[in-house]
Structures are given as structure tokens and as C-alpha cells.
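Me: I would like to go through a structure with you, beginning with a term that will be needed later. Could you start there once it is on display?

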Amino acid sequence: MLTRALFALALICGMSSAAFAEDAKVQALGLADHAVTQEELEKGEAQSTPKFNTPAVAYALAAGLKKGDTVEVELFNNDNSLMRNTGTAGEDGAKVLVQAGKRGVPAGGWPEGNYHAKVTISRDGKTLVEQSSKPIALE
């Protein structure tokens, strides 16, 4: 009987931790030609796509986080990580906006290639969510 009770408790705990992992989500992810605001992203406004001669900023807005969750966003050219930034949730239910990129333009413009943003949401060292935006070529 005790074994069954412990088994049931283990199942319940396992289910609740799985539900915990589902609460963290990506509300917005992409690239823009400027540093975006949380208000812009929450309104669902389309962002201007970066060009080879404009700033390029990868952004991610994560929601449903628990205190201590980390949100890392990276700007990639093909498979090469160019820049990365991390934010941490200060409280349960928090939203965190993290951006990585350049507000200026590299000398000679951005190199050719396909650019994308990648976000990773982690809790207690374990990855909960990993997502990438659609790659785009900077014209």
C-alpha cells in the first residue's frame, strides 16, 4: 500500500513539474532594425527588418516565467553566434524582454548570410524552451 501511495505521489509530482515547464513561453521572437520596446511587441506591431546598412537587433519577449528563470537571446549569422544577452525573471509570472545586437552598423555593413534570433528559456539549469526565428538575408 505504501508503495502505491509513493508511486501515485511521484506521478503527481512529475505531472506538476511538467505543467510548470509549460507555463514559460515565447511571446515574440525576431530581428528588428532598432531596439524594440515591450509595448511594441505586446501590441503585435510588425517590426522593420534590418538591412545590411542598418542596426540589427535580435529580440525575445518571454512570459509566464518563475523567479530566477533565465532568458538568453542570440543573434546568428548562418550558424555563427554573433552576440548574446541574458535576462533573469525577478518574480513569478514575470515577462522578460531581452535583446542582443548592434545599434550601429559594422564597418562596411553586415556580412552576407542568413540572420536569425534564437531564444533559450532555462529554469534551474534545465532548458524549458528553445526556439529560433525564421532566417532572413539582410538586403
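Reply: A polar contact is a pair of N or O atoms within 3.5 Å; within protein, one atom must be able to donate a hydrogen and the other to accept it. Please note also that this is a predicted model.

Me: Which side chains make polar contacts with the side chain of E74, starting with the one at 2.7 Å?

Reply: The side chain of S81 is joined to that of E74 by a polar contact of 2.7 Å. The side chain of R84 also makes a polar contact with the E74 side chain, at 3.0 Å.

Me: Where is E74, and is it buried or exposed?

Reply: E74 belongs to strand 3. Its relative accessibility is 6%, so E74 counts as buried, the cut-off being under 20%.

Me: What else does E74 touch, leaving aside neighbours within four places in sequence?

Reply: Its contacts are A58, S81, M83, R84, H116, A117 and K118. S81 and R84, the polar partners, are therefore among the residues on that list.

Me: Let us step back. What is the overall make-up of the chain?

Reply: The chain has two helices and eight strands. Along the sequence they follow the pattern α-β-α-β-β-β-β-β-β-β. Of its 139 residues, 36% count as buried. The accessible surface is about 8,200 Å², and carbon and sulfur atoms account for 52% of that area.

Me: What is the strand order in the open sheet of three strands?

Reply: The order is 1-2-5, and the pairing is antiparallel. Strand 1 (25–32) and strand 5 (94–102) are at the edges with a single partner strand each, so one side of each has no neighbour in the sheet. From one strand to the next, the twist averages 10°.

Me: How many bridges join strand 1 to strand 2?

Reply: Seven bridges join these antiparallel strands, strand 2 comprising residues 56–65. L29, for instance, has A60 in strand 2 as its bridge partner.

Me: What does I121 touch, not counting residues up to four places away?

Reply: I121 touches A24, K25, V26, A62, L65, T70, V71, K126, T127, L128 and V129.

Me: A last topic: what is phi for N78 and D124?

Reply: N78 has a positive phi near 55° and is not a glycine. D124, likewise not a glycine, has a positive phi of about 55°. Most residues other than glycine have a negative phi.

Me: Where do N78 and D124 lie, and how exposed are they?

Reply: N78 is in the loop between strand 3 and strand 4 (80–88), and at 38% relative accessibility N78 counts as partly exposed. D124 is in the loop between strand 6 and strand 7 (126–132), and with a relative accessible area of 73% D124 is exposed.

Methods
Residues numbered from 1 in each chain as written. Predicted model: local features only at pLDDT ≥ 70, side-chain atom pairs only at ≥ 80, totals over all residues. Heavy atoms only, no water. Helix = DSSP H or I, 4+ residues; strand = E, 2+ residues; numbered from the N terminus. Buried < 20%, exposed > 50% of the residue type's maximum accessible area, 1.4 Å probe, protein only. Areas by Shrake-Rupley, 256 points an atom, 1.4 Å probe, with all protein chains shown as cover. Pairing = 2+ DSSP bridges. Axes fitted to C-alpha atoms, helices over the stretch in contact; angles between N-to-C directions. Contact = heavy atoms within 4.5 Å.
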